[in-house]
Amino acid sequence: MKKFVMAALGGTLAGAVLTTQIAGPLIAQQADQQTSVYEQLDLFGDIFERIRAQYVEEVDSADLIEAAINGMLTSLDPHSSYLPPKDFDDMQVQTRGEFGGLGIEVTQEEGFVKVVSPIDGTPADEAGIEAGDFITHVDGESVLGLNLDQAVELMRGPVGSEIVITIVREGIDEPFDVTITRDTIKLTAVRSRLVGSTIILRVTTFNDQTYPNLKDEFEKSVEELGGLANVNGVVLDLRNNPGGLLTQAIKVSDAFLNAGEIVSTRGRNPADSDRYNATDGDLTDGKPMVVLINGGSASASEIVAGALQDHRRAIVVGTKSFGKGSVQTVMPLRGSGAMRLTTARYYTPSGRSIQALGVSPDIVVPQPPRVPAETEETDAAGPRTRSEADLRGSLTNDSMTEDERKQAEEEQARAAEAAKLREEDYQLAYAVDILKGLSALESSK
């Protein structure tokens with residue numbers, strides 16, 4: 001019995017020693033860290049009071065605190081920031097699809113404002129602003145040294161007013177100025193068109209209207225073609241789409257998938273991770289698909305492209321996407337403002353993180369540079385070629401019936417239309433040609 005008591009006492013002593021040697025330093029370390037935080041807060045208070053008392057001009061205390069909060073958030077990554085009440089209201093309006101401005105999605109890189117993408121049909125798009133452009137000056141004032149919100153504030157102004165932005169573009173030696181008239185930006189989230197039997201769905205943004213618009217536009221195009229049986233495929237055009245709401249990216253992906261994971265998000269705490277899965281029901285009933293992306297396709301666009309690519313539901317064509325693989329949560333704060341904080345990374349169904357890497361297309365198809373107006377007509381015409389029909393005295397084709405002749409003329413018209421599309425939009429024409437080829441193979445089975 002004595003041995004057991006001694007063993008118990010020994011165990012207690014050992015436990016006490018372990019607690020002292022391990023838990024003790026940990027508690028001390030935590031206490032030191034807490035003391036360090038309080039010291040830093042005291043330092044902040046000291047600097048704050050000195051600025052208020054001794055700065056050369058009187059400053060507003062609220063402005064100082066707001067600037068400190070924003071500086072703390074923007075030091076984390078380019079997408080975290082503080083939203084004052086007005087900016088928070090503007091952001092809520094934007095997700096509903098109408099707001100005032102230039103019509104560009106921007107980020108910050110190397111101190112300058114970088115265009116992620118211009119939005120279709122907006123003043124910036126019509127002025128020729130391109131994805132990848134750097135904005136160095138606004139109305140002659142340099143944006144170097146400003147945070148992203150401050151630079152964006154410089155570009156805001158009344159609808160109808162003019163702004164001059166200085167652009168640096170890869171491939172052009174000198175910066176150049178672009179004058180843009182501010183306007184109310186009314187976003188049409190999805191537009192559709194037909195090229196032969198192919199439905200083109202152009203998605204410009206992911207706001208509250210994106211999925212309803214997509215469904216309506218698709219059904220309208222199917223009706224125009226006389227039914228789903230007459231559709232040879234769908235092109236989902238996500239080029240220069242800067243992204244938007246995660247919920248809408250999930251719904252758009254789900255529209256073309258019957259099952260499987262769409263995207264997963266993983267935060268700092270494993271318990272905060274989420275997985276989003278497709279539900280049964282493919283809007284197109286399994287029709288072949290091509291997704292178009294480029295360097296202006298970001299965030300929600302990359303979620304859709306990555307999901308459809310990983311499930312082998314679509315062929316992804318174009319150039320590498322932007323590479324924004326993080327999720328921002330907007331958290332309302334006291335005083336009607338909000339905080340936009342990066343809270344997670346998202347991953348495609350195969351487990352890929354596209355952060356800073358982007359989605360790589362299955363088929364890389366660069367968009368050729370625009371042909372200068374003075375040479376466009378000559379190049380489009382091309383060299384004149386001769387055929388059998390041009391030879392003097394050539395035999396006519398008298399074996400064709402009137403219906404066959406009409407069919408041949410329609411085929412020639414479609415070929416001419418395809419050639420014209422290649423001149424207007426080479427990437428889109430390439431996507432349409434892929435679907436034509438897949439349709440021809442399917443019909444030959």
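Which residues form a nonpolar patch on the surface? In this predicted model, the patch consists of V37, Y38 and L41, with about 320 Å² of accessible area together. The largest nonpolar core has 40 residues, and a second, separate core has 18 residues. The count of salt bridges comes to 17.

**Nonpolar cores**

- Within the largest nonpolar core, the residues with the most contacts are L201, L214, L236, L238, F256, V291 and L308.
- Two or more residues each are given to this core by β11 (198-203), α6 (210-225), β12 (233-237), α7 (246-254), β13 (261-267), β15 (289-293), α8 (300-310) and β18 (338-347).
- Helix α8 supplies the largest share of this core, six residues.
- Neighbours within four places in sequence aside, L214 touches V190, L201, V203, L236, V252, A255 and F256.
- The second, separate core includes V106, I135, I165 and V178.

**Helix α7**

- Buried in α7 are Q248, A249, I250, V252, S253 and D254.
- The cover over these buried residues of α7 includes α6, β13, β14 (274-277) and α8.

**Helix α1**

- L41, one of the patch residues, is located in helix α1 (residues 2-54).
- L41 counts as exposed because its relative accessibility is 51%, and the cut-off for exposed is over 50%.
- The structure holds two aromatic pairs; one of them is F44 with F48, stacked at 6.4 Å centre to centre with 15° between the planes.
- Both F44 and F48 lie in helix α1, four residues apart, or about one turn of the helix.
- F44 is partly exposed at 43% relative accessible area, whereas F48 is buried at 15%.
- E49 and R52 form a salt bridge through their side chains (3.3 Å, N to O).
- E49 and R52 are three residues apart in helix α1, so about one helical turn separates them.
- E49 is partly exposed at 41% relative accessibility, and R52 is also partly exposed, at 42% relative accessible area.

**Salt bridges elsewhere**

- K114 and E109 are joined by a salt bridge between their side chains (3.4 Å, N to O).
- In that pair, K114 is buried with a relative accessible area of 16%, while E109 is partly exposed with 30%.
- D120 and R202 form a salt bridge in which the closest N and O atoms are 2.6 Å apart.
- D120 sits in the loop between β4 (112-118) and α4 (123-126) and R202 in strand β11, so their pairing ties together parts 82 residues apart in sequence.
- R202 counts as buried, at 11% relative accessibility.
- A network of salt bridges links D120, R191, R202, D237, R239 and D425.

Note on methods. Residues numbered from 1 in each chain as written. Predicted model: local features only at pLDDT ≥ 70, side-chain atom pairs only at ≥ 80, totals over all residues. Heavy atoms only, no water. Core = buried A, V, L, I, M, F, W, Y, C linked by side-chain atoms within 4.5 Å. Buried < 20%, exposed > 50% of the residue type's maximum accessible area, 1.4 Å probe, protein only. Contact = heavy atoms within 4.5 Å. Patch = residues over 30% accessible without salt bridge, like charges linked within 9 Å, V, L, I, M, F, W, Y side chains within 5 Å. Areas by Shrake-Rupley, 256 points an atom, 1.4 Å probe, with all protein chains shown as cover. Salt bridge = Lys/Arg side-chain N within 4 Å of Asp/Glu carboxyl O. Phe/Tyr/Trp six-rings, centres within 6.5 Å; stacked < 30°, edge-to-face > 60°.
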